[in-house]
Amino acid sequence: MAKAVVYTLLTTAFIYLFVFSPNKPHGHHGPSARRLGLKAAHFDPLVTRIERTAEQKGGSYQGDHPQHISYVPEVSDAYEYFNDDGSLNTTLRLVILFPMLDNAPPDNLISPNELAVWIDKQARDRLGHRTDKSMSWHDKNGDGVISFTEYLPQFTQDDIERNNMEHGEAGWWMEQFKNADRDLSGTLDFNEFKDLLHPEDSDNENVQTWLLREKTKRMDEDHDGKLNFKEFLDHAYNIYKSYADFETASAPVPTAEEKFVELDINQNKYLEMEELKPILRYIHPGERLYAKYYTNYLINEVKNIRAMEVTQVLLNAQSIDGALRTNAEENLKQFQEQNLPSFLLSLSGELANEEKPVETRKLAGLILKNALDAKEQHRKFELVQRWLSLDANAKSQIKACLLKILSSPVSDARSTASQVVAKVAGIELPQKQWPELIGSLLSNIHQLPAHAKQATLETLGYLCEEVSPDVIDQDQVNKILTAVVQGMSGSEGNTDVRLAATRALYNALGFAQANFSNDMERDYIMRVVCEATLSPEVRIRQAAFECLVSISSTYYDKLAPYIQDIFNITSKAVKEDEEPVALQAVEFWSSICDEEIDILEEYGGDFSGDSDIPCFYFIKQALPALVPMLLETLLKQEEDQDQEEGAWNIAMAGGTCLGLVARTVGDDIVPLVVPFVEENIAKPDWRQREAATYAFGSILEGPSPEKLIPLVNVALSFMLSALTKDPNSHVKDTTAWTLGRIFEFLHGSATASPIITPANCQQIVTVLLQSMKDTPNVAEKACGALYFLAQGYEDVGPSSPLTPFFQEIVQSLLTVTHREDAGESRLRTAAYETLNEVVRCSTDETAPLVLQLVPVIMLELHNTLEGQKLSSDEREKQSDFQGLLCGCLQVIIQKLGSSEPTKYVFMQYADQIMGLFLRVFACRSATVHEEAMLAIGALAYTTGPDFAKYMPEFYRYLEMGLQNFEEYQVCAVTVGVVGDISRALEDKIVPYCDGIMTQLLKNLSSNQLHRSVKPPIFSCFGDIALAVGEYFEKYLMWAMSALQRAAELSTHTAGDDEMTEYTNSLRNGILEAYSGIFQGFKNSPKTQLLIPYAPHILQFLDGIYMEKDMDDVVMKTAIGVLGDLADTLGSHAGSLIQQSLSSKDFLNECLSSEDHMIKESAEWAKLAIGRAISV
């Protein structure tokens, strides 16, 4: 552990220990210590020795002032440590004690852990001394053990035999004595006797259970054997809160109500003895627990020393010395955990101090920001709660500091403070706190120097990014927009101010709904934005175009009056401006395409005059001028664009936009692009050939096959030739990509006129396989083309045109995976993805060849698992490779398992494959775990009930996957695999159900697990219930309770598209659970157990029907559940369905659905409901 307590800190701690000792008459504790009533074990063994000597002599010793100084000389070497006035010389004692504490490791520093270990040792010694003293007194026969009669001689044999269990009687004591007697010898040795004397410090479970029962009895006023809420509040909660409040520092402690609900596992509104176990250590603390809290108290008391050293620690945290940096980071972490208010105040003070180094100020601000926000939702929630629970004075000081920094002459400090102010605002404004902030910022804009004005505008921009539009009232929104737009105007002479204002507007646009609905205000905003696109400063022009892009998506329906001017501005920028500006100008038209594509897909082009979202066909109108502008950009390629991963330039942006235009207008684009292709495709300049190929490839999605196929038939042979013969790698790269697009959109069973015929199929395969030997970027695109070529034959029937080439294709792809440069341009990944698709889309004719592939891939995986010493870089690459191999095996297993003859032959490999997968789990990579889990799910499906033999060894990995909250994708995949295994094993899953269901229920109640994992968990309930049938009764109450809570959350929700999508996912998971449970219990004598839940399920179905926002998947599952309910419960459900608010309307709507799957489910549900009602 990093050392967090330096010598000066230790000195202060010792002084607190001696001066504020609980035994000192005039001493005092800090507030935490007073609240806890701490009774620390003596810190200094010398003091303990003197105290014990005094006890033996019948006197007493208090703190560092002996009442009888005469006892000191009787303790060996004690006198030299006392001053003339009789007080203990603490400085001298520090010299003696320091090396005793500094031992893990001895490095002249003492950590909190070393301090805790030392104090705990003194507490244990104290317990041992008391036990030894008592044992000496009671062990009358000197045999080293204590009998019951030796310890309690007042009880006669008759008393013992009467076994009176009342408190303090012989039976009561005998039970305690037997609990302590671990070895059942009838007598107690030293440790057993210590457990009897100090049960609160015992680790003996019987003793702890007895202690809990006795404590419960004393709290149980109505003597019903359990605690109601009032009894819990009166007798348990306050003492729990005292310790928990201290233990969690500034983090919020659950309220009495929250803690009661948390402990009430069976939700019966009472706390039974077992349910109180988690808080026993709080409500009946022992000597060692006191020692632990006293350690925490000491560390908190010396917090200011760390605060004084914050600058040095921040400098160390940026040191090139790894050890120094790690130590500093640990110090900061501990400071934050132990005293959050001081930590945040120290950081804000550092950031505000103009005399501090710029690098420490900047880092202080960054750490401050990260203490307020996090990407993970559960962590973000935790940080928000910690901030809100801080002392109001501390928060006020921090906020005042931050606002002051906005006028700092140091730009890094201002910028960092702007972000932190926005983070605080994001927490407080929704809580109706810090109401004066926006007014304060706005008033500053007109009074401050330019650099402060710039920082204030930047702050307003960040603030708008952090808070929701409904948090700020319209009057304040108007004032913010006025300040921002004025800052953007040409009259603002300072470039930095104008840039900050333009960037602020980008974030504030979401707040301007009302302003954009007002013609005059909208005109003013648009005029200022368009003027800013002509600024002499490139950063302002770029920021202004970013605003236009945002306006195009947020206020598409308001753009008509400005579209011609915007086209002129964007056209000029694309042709003449610097690339960052030109990219945003092209992005404007891509954004318009996205909007119109969405509208056309949603409404099918059928718009009425009063349509909420009319399509203005801006792209269609601009087509004659827009397409030539975009084609011109394609000629502006960069020399190394294909080698640089993630490269983005004007040519790529233009091609992407051209593709979106093609999707928007369809056939209309073809005559505008074909002449450009014909003119440039054979030119000597590679740029022209590449641009022509890119243009052709870009328009292959959108126009009709009838329009494109004649062109493709002419171009195909030319492109196949270019792919192997063109001297330029860029041209070959784009040609391979274009072929992939041809095969993706114009090849397949749905195409009336096939572009791939027996005459050209062999040439196509030969060229693609040859190109897979080319440079990595070309080979990767060739793999992609082959991927779509294979995919097009997915539904071809019993014989595929690719069958004659199958072995050659597979061998070529495997060869690619072993290329030395396969790690470049995603080549190895592309090769395996293509191999997977070739296998997936293969026919029965090639099944023997797929079988031959099994040992090949197994050997590859085996080789990666052999012990090798790898660097972290090599280990990461190997993990990726293992993931690809597991993914490949998954596809092979699914393919071979889909027909009985191949499944039978494949089973010879099942044991070996499972053995490899189990070895893979020894790797720590999330990617490998995810892929291996998916492959095991496929293996379970294929092997069926035989998979049971793998469960004893595999179960622990399954459990680890379910507990992996951090890599939540692994957790989600594992949940899916539990479903696969349940379906495969059926009732053979029963021995593992307790562990699985317990973990799944824990996952649902956790706020640390990513929300996307929770819908699949509910679906998994259904899979398990379907597999085990009536055995699910054991979990029914818990599962139904969780489903009911989730069902209530999933109705009456409002939010954006992402929230609606998640809500529907949650609903579908809930419904799949209900469906599985109903089907699992069907025809079982225990069906009646489901009857009490039927009204709530019908209420849930009513709720989601009334919401009118369920998607087709939810609708199909919901109508299925209605049918399952009727089918399983029969007449018990009939009357309930008839009373339902919307079941009839819902059924009729589903019966008239155009989706044949919904209609089919509805017809079955109608029959089931009819039977239930007629019974």
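Leaving aside neighbours within four places in sequence, Trp-589 is in contact with Ile-563, Phe-567, Thr-570, Ile-619, Ala-622, Leu-626, Met-629 and Cys-657. Contact means heavy atoms within 4.5 Å. This is a predicted model: local features need pLDDT of at least 70, side-chain atom pairs count only at pLDDT 80 or more, and totals for chains, interfaces and linings use all residues. Residues are numbered from 1 along each chain as its sequence is written, and side-chain values use heavy atoms, with hydrogens and water left out.

## Cores

Which residues touch the most other members of the largest nonpolar core? They are Trp-589, Val-661, Phe-743, Phe-947, Phe-954 and Phe-1032, in a core of 300 residues. A nonpolar core is a set of buried Ala, Val, Leu, Ile, Met, Phe, Trp, Tyr and Cys residues joined through side-chain atoms within 4.5 Å. Buried means under 20% relative accessible area, exposed means over 50%, and partly exposed lies in between (1.4 Å probe, protein chains only).

Helix 32 (residues 579-603) gives the most to this core, with eleven residues. Helices (H or I, at least four residues) and strands (E, at least two) are DSSP runs, numbered from the N terminus. Domain 3 (308-321 + 330-415) and domain 4 (1036-1174) both contribute residues, so the core lies between them. The domain bounds come from an automatic or database domain assignment. Apart from this core lies another, of 22 residues, including Leu-227, Val-253, Phe-260 and Leu-271.

## The chain as a whole

The secondary structure comes to 58 helices and two strands. Of the 1175 residues in the chain, 52% are buried. Take the contacts between residues at least 6 apart in sequence: 69% of them join residues at least 24 apart. The chain exposes about 53400 Å², and carbon and sulfur atoms supply 51% of that area. Accessible areas come from the Shrake-Rupley method with a 1.4 Å probe; for residues, only the protein chains shown count as cover.

## Aromatic rings

A search of the whole structure finds 31 aromatic pairs. Rings of Phe, Tyr and Trp (its six-membered ring) pair if their centres lie within 6.5 Å; planes under 30 degrees apart count as stacked, over 60 as edge-to-face and the rest as tilted. One of the pairs is Tyr-556 with Phe-616, which is tilted: 5.9 Å centre to centre, with 50° between the planes. Tyr-556 lies in the loop between helix 30 (538-554) and helix 31 (563-576), and Phe-616 in the loop between helix 32 and helix 33 (618-633), so the pair ties together parts that are 60 residues apart in sequence. Tyr-556 is buried, at 4% relative accessibility. Phe-616 is partly exposed, at 27%.

Phe-229, Phe-232, Tyr-237, Tyr-240, Phe-260 and Tyr-282 form one aromatic cluster. Phe-260 is also among the residues of the 22-residue core.

Charges sit over rings too. Lys-140 lies over the face of Trp-137, 5.0 Å from the ring centre. The charged end of Lys-226 sits over the ring of Tyr-270, 4.6 Å from its centre. The criterion is NZ of Lys or CZ of Arg within 6 Å of the ring centre and within 35 degrees of the ring normal.

## Single positions

Buried or exposed: which is Thr-633? With a relative accessible area of 1%, Thr-633 is buried. Thr-633 lies in helix 33. Beyond its neighbours within four places in sequence, Thr-633 is in contact with Val-574, Ile-650, Ala-651 and Gly-654.

Phe-335 belongs to helix 18 (residues 322-338). At 4% relative accessibility, Phe-335 is buried. Its C-alpha lies 9.7 Å from that of Val-310, 25 residues apart along the chain.

Pro-727 is found in the loop between helix 37 (705-725) and helix 38 (729-746). Pro-727 is exposed, with a relative accessible area of 77%. Pro-727 and Trp-686 are 41 residues apart in sequence and 8.7 Å apart in space, C-alpha to C-alpha.
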